[in-house]
Amino acid sequence: MKKTLFIACIMLISIACKNENKSNQEETLVDNIENQSDDLTLIKGEFVYYDDAAVLQSYDEIYGVFITDKMLELSKQAQAHKKLPTDMVLVEVKAKVTKQKDEKILWDNKAEIIEILSVSAIDKENNNIVKLGK
């Protein structure tokens with residue numbers, strides 16, 4: 001529960017600190033979520049896996065991510081683009097999205113990553129995340 005609360009705090013801080021210039025964000029994050037004909041959803045957004053909790057934040061939704069082999073593979077790829085373990089990375093994935101209740105994931109939306117399309121670092125100039133701690 002502490003892990004989920006920690007991730008939730010990070011997400012809330014990042015959302016609260018973002019610039020109000022949404023038109024630029026909308027242009028760069030067009031089609032964050034696209035439904036595919038194969039029952040998978042294309043999600044573009046920011047991903048973090050820390051302390052056994054994984055979160056994927058698109059432009060307008062937050063997803064708790066199921067811990068699977070594919071998610072662990074994504075986390076491994078993301079390590080190359082992080083300076084700190086709590087840093088988020090930009091990802092593009094295909095996932096199965098559900099609102100089904102889960103004991104560990106308390107987010108309304110949950111995602112099971114099926115395919116990793118891209119992983120990249122967040123642009124430092126547009127990264128307005130406040131870091132807590134030392």
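Two strands count as paired here if DSSP finds at least two bridges between them. Helices (H or I, at least four residues) and strands (E, at least two) are DSSP runs, numbered from the N terminus. With that in hand, a hairpin links strand 3 to strand 4 through three residues.

Residues are numbered from 1 along each chain as its sequence is written, and side-chain values use heavy atoms, with hydrogens and water left out.

**Confidence**

pLDDT is the predictor's confidence in each residue, from 0 to 100. The protein chain averages 79, and 63% of the residues score at least 70. Residues 19-33 stay under 50, and the model has 20 contacts (heavy atoms within 4.5 Å) beyond four places in sequence for that stretch. Where pLDDT is low, the predicted coordinates should not be read in detail.

**The strands**

Here is how the pairings look.

| Strands | Sense | Bridges |
|---|---|---|
| Strand 2 and strand 3 | antiparallel | six bridges |
| Strand 3 and strand 4 | antiparallel | three bridges |
| Strand 4 and strand 6 | parallel | three bridges |

E46 has Q57 of strand 3 as its bridge partner, L56 has Y63 of strand 4, and G64 has K110 of strand 6. The hairpin of strand 2 and strand 3 has two residues between the strands, and D51 there takes a positive phi near 55°.

How many residues of strand 3 are buried? Six of the six are, so this strand is largely enclosed by the rest of the structure. Buried means under 20% relative accessible area, exposed over 50%, and partly exposed in between (1.4 Å probe, protein chains only). In a regular strand the side chains alternate between the two faces of the sheet. In strand 3 both faces are covered, with A53, V55 and Q57 on one side and A54, L56 and S58 on the other. Strand 4 is also covered on both faces: I62 and G64 are buried on one side, Y63 and V65 on the other.

Q57 sits in strand 3 (residues 53-58), and its relative accessible area is 6%.

**The cores**

A nonpolar core is a set of buried Ala, Val, Leu, Ile, Met, Phe, Trp, Tyr and Cys residues joined through side-chain atoms within 4.5 Å. The largest one has 18 residues, and F47, L56, L74 and V91 have the most contacts inside it. At least two residues each come from strand 2 (41-50), strand 3, strand 4 (62-65), helix 3 (69-79), strand 5 (89-98) and strand 6 (109-121). A second, separate core of five residues includes V48, V55, I62 and I122.

Leaving aside residues up to four places away in sequence, L56 touches I43, G45, E46, F47, E61, I62, Y63, V65, V91 and V93.

**Helix 3**

Which residues of helix 3 are buried? They are M71, L74, S75 and A78.

K70 and E73 form a salt bridge through their side chains, at 3.5 Å from N to O. Why can these two be about one helical turn apart? Because they are three residues apart in helix 3. K70 is partly exposed at 28% relative accessibility, and E73 is partly exposed at 36%.

Technical notes. Predicted model: local features only at pLDDT ≥ 70, side-chain atom pairs only at ≥ 80, totals over all residues. Salt bridge = Lys/Arg side-chain N within 4 Å of Asp/Glu carboxyl O.
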